Structure formats: C-alpha cells, structure tokens
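This briefing sets out selected features of one protein model. Please consult the sequence and the structure shown below while reading.

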Amino acid sequence: MEARGDLCSMLPYLPVVLRGGALFWPPQAQEALKALALGPDVSRVSSGDVLADALTDLRLALSLDPLPRRAAEGLALFFDDLLSRAQARDWFDHVLPSLARLLLRLPALFEDHYRSAGDQARGLRILGSQDAGLVLLSQELAAALLACALFCLFPTADRTEARLPVINFDSLFAALCYNSRQNQEQKVRCIVHYFDRVTASTPTGSVSFERKVLPRRPLSDGIAYPDMDAWTKSGVPLCTFRVFSSGFIEDEEQEALEVDFANRYLGGGALSRGCVQEEIRFMINPELIVGMLFMASMEDNEAIEIVGSERFSQYMGYGSSFRFTGDYLDNKPIDTMGRRKTRIVAIDALDCPTKLQFESSGLLREVNKAFCGFLDQSNHQFYVRLFQDLVTKDNCPSVFPDECIGVSTGNWGCGAFGGDPEIKSMIQWIAASQARRSFVNYYTFESESLKRLEEVTQWILRHKWTVGELWHMLVEYSSQRLRGETSEGFLGWLLPKDIPNGDVDYMCE
C-alpha cells in the first residue's frame, strides 16, 4: 500500500493512518467509534448536544481542533429542536450506530477499493489542476466518506493550499444558527434522509468522478484549446435543439449530460449557505459531495463529469423557498461499470462578466469551457478531425458510440453569476454540437428574455446552419454590443420580427 501514489496523495486529507502496509483508525478514535456503534445505551449519545461533544472527542483523538462552537449549536438545534421526537429517537437508536459501524469498516473499504483499482487508473487520489483522470468509487465507500464528513473527521489544514473545496459538514450545521430561512434546515433534512436510506439498505452501485482537461497546447494525440479561427471555420452541423419552459434538468428522461451550473470549487455553497441550482443538486444527490474531497478547483480549460450518483430526495422550491418533500426512488438504468446512467457535468461560468461576455476572450472562454464539459475525453482524435478545414456539414465524420447522449441544460451562469441568457444558450448549443452530442434539451425556467428561443433555434435549424456560421453571428453581434451599435438581445437582433422568414445569406452578410 505504501507504494501506491494515489493513496499517498490522499493520506494528508484522510482521518485514517497507514502503518505496516495497512490502514487503521488511531486507537482512541477506534474506541470512540466502537462505543457509538453500540448505541445510546453504551455511548450515551441520544441528543444533538451530546453528539456534538462526542464528535469533539473524536476530532481530538485524530489530533484535530474541537468541533467549532456554532457547528455544535447547529447539531443541537437540528436534532433536539427541529426533528420530531420520533425521528430523533430513530436517528440515535439506529442511524447513528449504523454510521459508526460503517466508519469502522472504512479502512477495509479503502483496501478493497485500492485492490480493485489495480494499476491506479481509477484509484482515489487528489485530482489537481490540469490532472485529467477518473476515480471510480463504490456507493458504499462513498457513504462511508460522507459519514466522515458528517462527523467532521477530515483534516483540513492543507486543503486551502491545494485549492480543494470544504468537505466537513460543520459549516452546514453552523449555518442553521445564522440563517433564519428554512432552506438551510431543508438542506440538512435532505442529507439526514440520505443517511436514513443508506443505513437501512447499503447501495451496491458505483460512482465515477472525472476531471476533463482541454489542453492549452497541442498534443501529439489529441485536441488543444480551440481558438477563434477554429470555431469560425467549423463545418459541423448544429444538433437538435428543444426548448422547455417548464421542467427541471434533474428530471430529464432522455440520456443526457445534465449540466451543473457550477462554482469553480465543486459544490459551491452546498456545505454552507448556498441554495441554488448546484447546491440543490448536491443535496438531492449527496454522493456528488464526495467529489469535493479530492477535486481541486477548476481552471478555464477544465470540467468535472460525475456518472452514477443516485438521487434520494424529492424537493420543491428554489433558493429561500427550497423544501425537502420526501423520499425519491431512483430507477435510472445501470451501465456496465455499475453506475446509474445519470451523467452530471460541472462547468463554471464567468462570474459577473458584464462587458467581458461580449469580448472575444470571454466568448472563447465560455465556449471552450462548455466544450470541455460536453466532449468525450476518450475521443480526442475524433475532435481533432472535426476542427480540420475540410469538414463540412455534408462530410462531417460520423459520431462515436455516445452519439445518443445529448445535453440537458438551462440558463448556465445567468443567475447570481449575471450572464446573458441569450448568449449562454447559443454558446452551449455551439459547444454541444461541436462535441457531437445528438441534442440539447434547454429548460428556460420561464425566462422572459428567452421567449423567442424556440422560434429562433428552429429557424436556424431549418436553414441548416453550421457551428461556424452561428459562431460568426454571435461574434458579430457581440462586437456591435461593445461598440454601442445595438442594445437588443441576440435573439431579437438575429431574427427581427419584421423578417420572420429571413434569408440565411442575407443574415450572414
């Protein structure tokens, strides 16, 4: 085990120790977990207040600081005041001891994981900046890692320097004390429900986490970061584009990459006070949180794809109105790697871009960010051919086996990040088409600025535009916006009401 580079990269960030070729809990921590595993009659942990004390003892046994005071108050508030007596009794009598038993098995789960990972290609490791690769975890190991996060047992001293997101749940519970809105309580209810489920029945599937990189410089065997000229010259046809004014990305019925409107730090404010698109997805699919343990923040040419996370919760609302509404049974089919066919791709948009989103550098950054998220990392040579000058809409190479997998998305980077929905919808369409995805299903969330989106996209498809032609028009529009020659939105500018059936040659002059 000592010779494994993947394990060695993780050890500073794990609560277990490696000794004599095996992983162990430190003795005091193991004894504390054994007491918790025997239930409240032995551990005396039957309330949130006492649980906070027990977690502080566990942290001290791992040479960590005591549990922060606000986190302790949040635990007491949730388990002693916000949960019903019956729910709290079940938690302390059954769920908490089961989680302690799961944690006692963590060293063995790690050893099984690294043994099955073989040549380290899929072993748990830190995936830092520009380090393309994949980690494949069992759902059981994911549950154990999330139990570590709940108990706040991960060392955090070196995480900031390594550009890793927060991972312990102390801030999640602490925010209950600061946040009078009910959405913070509802986020915790989603997490608690997840632990209710996995302790009642251990999940048996797998989840993969892939860091995708679009290299800045050309490589001998793959595609590099496309420039403005490459996008303009693309002869790839635009894929099918469907518009939905209602519905949600996570309810997508077709097989698709489901876009996470991400923060560059995976998960964003999921473990603090955030409660918008990314954070909600991480609450209803808690296995996504595991990626926050080992995925460093994304740079402009990177994306993160997570396949196989199970959904456990129903919900309603958004932001301050978010509410946990009950159990969700995820019936997605399973692939050959044991993963649910739920593909979530995290791409972070420019934050408050204002004029930058109309500049060439901003347009290029966003289209390449989306393209990195949508491409199939194993088929770089395929994409090299797509950017060659000889490719046209008539002789475009046939697509790879993932051709039936589309993109399910919406107003990426347009809420708190302040992006232009009309620009972002076109950028995602361009990127998905160049990645040879078969369709884009676009959920507008009833955005007023996108009321003509279906009309415009269908007009473009009828005229059989290519990626390069749409990109050219987007660049031209953006130049006019910067020069102050138009203040119209892109959709109205491209297809004025008085030219409902305009000529494509006229529009491209």
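**Hairpin of S8 and S9**

In the hairpin of S8 and S9, Gly 317 adopts a positive phi near 85°, and 6 residues lie between the strands. The model is predicted: local features require pLDDT of at least 70 and side-chain atom pairs pLDDT 80 or more, whereas totals for chains, interfaces and linings use all residues. Residues are numbered from 1 along each chain as its sequence is written, and side-chain values use heavy atoms, without hydrogens and water.

- Strand S8 (residues 313–316) and strand S9 (residues 323–327) run antiparallel and are joined by 4 bridges.
- Ser 313 has Asp 327 in S9 as its bridge partner.
- Strands (E, at least two residues) and helices (H or I, at least four) are DSSP runs numbered from the N terminus, and two strands pair if DSSP finds at least two bridges between them.

**The open sheet**

- An open sheet of mixed pairing is formed by 8 strands in the order S3-S4-S7-S10-S6-S11-S12-S5.
- Its edge strands, each pairing on one side only, are S3 (133–138) and S5 (240–244).
- On average, neighbouring strands of this sheet are turned by 20° against each other, direction ignored.
- Within the sheet order, S7 (residues 302–307) pairs with S10 (residues 343–348) in the antiparallel sense over 4 bridges.
- Ile 306 has Ile 344 in S10 as its bridge partner.
- Helix H8 (residues 139–150) packs on the sheet, where it touches S3 and S4 (206–213), and its direction makes about 90° with that of S3.
- Helix H17 (residues 453–462) also packs on the sheet, touching S5 and S12 (439–443), with its direction at about 165° to that of S5.
- Contact means heavy atoms within 4.5 Å; axes are lines fitted to C-alpha atoms, for helices over the stretch in contact, and angles run from 0 to 180 degrees between N-to-C directions.

**Helices H6 and H7**

- The axes of H6 (residues 85–104) and H7 (residues 106–117) come within 4 Å and cross at roughly 45°.
- H6 is therefore oblique to H7 (angles under 35 degrees count as roughly parallel, over 145 as roughly antiparallel, 65 to 115 as roughly perpendicular and the rest as oblique).
- Leu 102, Leu 103 and Leu 104 of H6 make the contact with Leu 106, Pro 107 and Leu 109 of H7.
- By class, this contact of H6 with H7 has 6 nonpolar, no polar and no charged residues (Ala, Val, Leu, Ile, Met, Phe, Trp, Tyr, Cys and Pro count as nonpolar, Asp, Glu, Lys and Arg as charged, and the others, Gly among them, as polar).
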